[in-house]
Amino acid sequence: MSKNVLIIGAGRFGRYATIQLHALGHQIMVIDRHEDKINRILAYASDAGIGDSTDPSFLKTIGVRNYDLCIVAIGDDLLSSLQTTFALDELGARRIIARATSGRQEKFLLRNGADAVVFPERELGFWTAIRYSSDNISDYVYLSDGYAIFELRVPDRWNGHKIGDLNVRRKYHINILGVRGEAHGSERPEMKMDVHSDTVFHQGQTILVLGKAEEIQKLL
C-alpha cells in the first residue's frame, strides 16, 4: 500500500531514501534548507519545499500529521536533528525515524521523540565486516535477537546431497530458504524459494540461510 512520506534533509542519505521510496511507489515530500539539494531530487519526489525544519511554524504549514512516516535525514547537525525531531513529535507526527551518526546522538534522538533511529555508518560497517570477512558469504542481513539471513556458497561437503539427508535444521539449527544456481558469465541466476527435503545441492550454487548468526558462522 502506498504511503505518504515526509523526508527532511536532501543530503546523500535523504536522496537515496527518496529514490528507493519512489521506486516502491510511495508519495514523498522532501524539504531542505538548500535549493540546490532540492533541485537534484525533484525527479523522485511528489512534492518538495525549501525551509528550516527546526522552525515549528514552518513544519506546521506542511501538516506533518498527514504523513504516515517522517524521516529526519539530517544526521551531521546534532542540534538541528534534535530540534526537528522534537518539533515533529510536538506537532503530532505519526511515526518518526531519525538518522544518527553516533551512539550519543542515537540516545538523544530517542529521548526527544524519535520512534526509531537508523545508524547507516554503523550498519554498513557491520555488513562490510561480515560480508567480506569470508569468501563464502555473498550477502548478509541482520534481523534481531541474534538472527540473520546469509547468502552462502554451498559447502563442498554438501555437494550432491539432499537437504533431507543432511538434517540441516536439526544438526545446524538453521533453515534453508532458497537456492541460487551457478552463475554463468555476468548474469546472476534467480533465487529459487521452492526448496524441499529432496532438493539436491551442487557446487557453484549459493543458498539463502536463516538462523542465529553464531550457528551460521559455525557452519562456515
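**A predicted model in questions and answers**

Biologist: Is Thr85 buried or exposed?

Modeller: The relative accessible area of Thr85 is 0%. The cut-offs are under 20% for buried, over 50% for exposed and in between for partly exposed (1.4 Å probe, protein chains only). Thr85 is therefore buried.

Biologist: What pLDDT do side-chain atom pairs need in order to count?

Modeller: Residues are numbered from 1 along each chain as its sequence is written, and side-chain values use heavy atoms, with hydrogens and water left out. This is a predicted model, in which totals for chains, interfaces and linings use all residues, local features need pLDDT of at least 70, and side-chain atom pairs count only at pLDDT 80 or more.

Biologist: Which backbone oxygen does the side chain of Thr85 reach?

Modeller: Thr85 lies in helix 4; helices (H or I, at least four residues) and strands (E, at least two) are DSSP runs, numbered from the N terminus. The side chain of Thr85 comes to 2.8 Å from this oxygen. The oxygen belongs to Ser81.

Biologist: At roughly what angle do the axes of helix 4 and helix 5 cross?

Modeller: Two packed helices are described by the angle and the distance between their axes. Axes are lines fitted to C-alpha atoms, for helices over the stretch in contact, and angles run from 0 to 180 degrees between N-to-C directions. Helix 4 (residues 78-90) and helix 5 (residues 103-111) have axes that come within 9 Å. Angles under 35 degrees count as roughly parallel, so helix 4 and helix 5 are roughly parallel to each other, crossing at roughly 20°.

Biologist: Which residues in helix 5 meet helix 4?

Modeller: From helix 4, the residues Leu78, Ser81, Leu82 and Thr85 take part. Their partners in helix 5 are Arg104, Gln105, Phe108 and Leu109.

Biologist: Is Glu106 buried or exposed?

Modeller: Glu106 is found in helix 5. Setting aside residues up to four places away in sequence, Glu106 touches Ala100, Val117, Phe119 and Arg122, where contact means heavy atoms within 4.5 Å. Its relative accessibility is 17%, and Glu106 therefore counts as buried.

Biologist: Which backbone oxygen does the side chain of Asn112 reach?

Modeller: Asn112 sits in the loop between helix 5 and strand 6 (116-118), and at a relative accessible area of 25% Asn112 is partly exposed. Leaving aside neighbours within four places in sequence, Asn112 is in contact with Leu82, Thr85, Phe86 and Asp89. At 2.7 Å, its side chain reaches the backbone oxygen of Phe108.

Biologist: Is His173 buried or exposed?

Modeller: His173 lies in the loop between helix 8 and strand 9 (174-180). Its phi is positive, near 60°, in a residue other than glycine. With a relative accessible area of 52%, His173 is therefore exposed.

Biologist: How far apart in space are the C-alpha atoms of Gly51 and Thr18?

Modeller: Gly51 is in the loop between strand 3 (47-50) and helix 3 (56-62), and at 16% relative accessibility Gly51 counts as buried. Beyond its neighbours within four places in sequence, Gly51 is in contact with Asp32, Arg33 and Phe58. Gly51 and Thr18 are 33 residues apart in sequence, and their C-alpha atoms are separated in space by 18 Å.

Terms used. Angles under 35 degrees count as roughly parallel, over 145 as roughly antiparallel, 65 to 115 as roughly perpendicular and the rest as oblique. A polar contact is a pair of N or O atoms within 3.5 Å; within protein, one must be able to donate a hydrogen and the other to accept it, and residues adjacent in sequence count only if both atoms are side-chain atoms.
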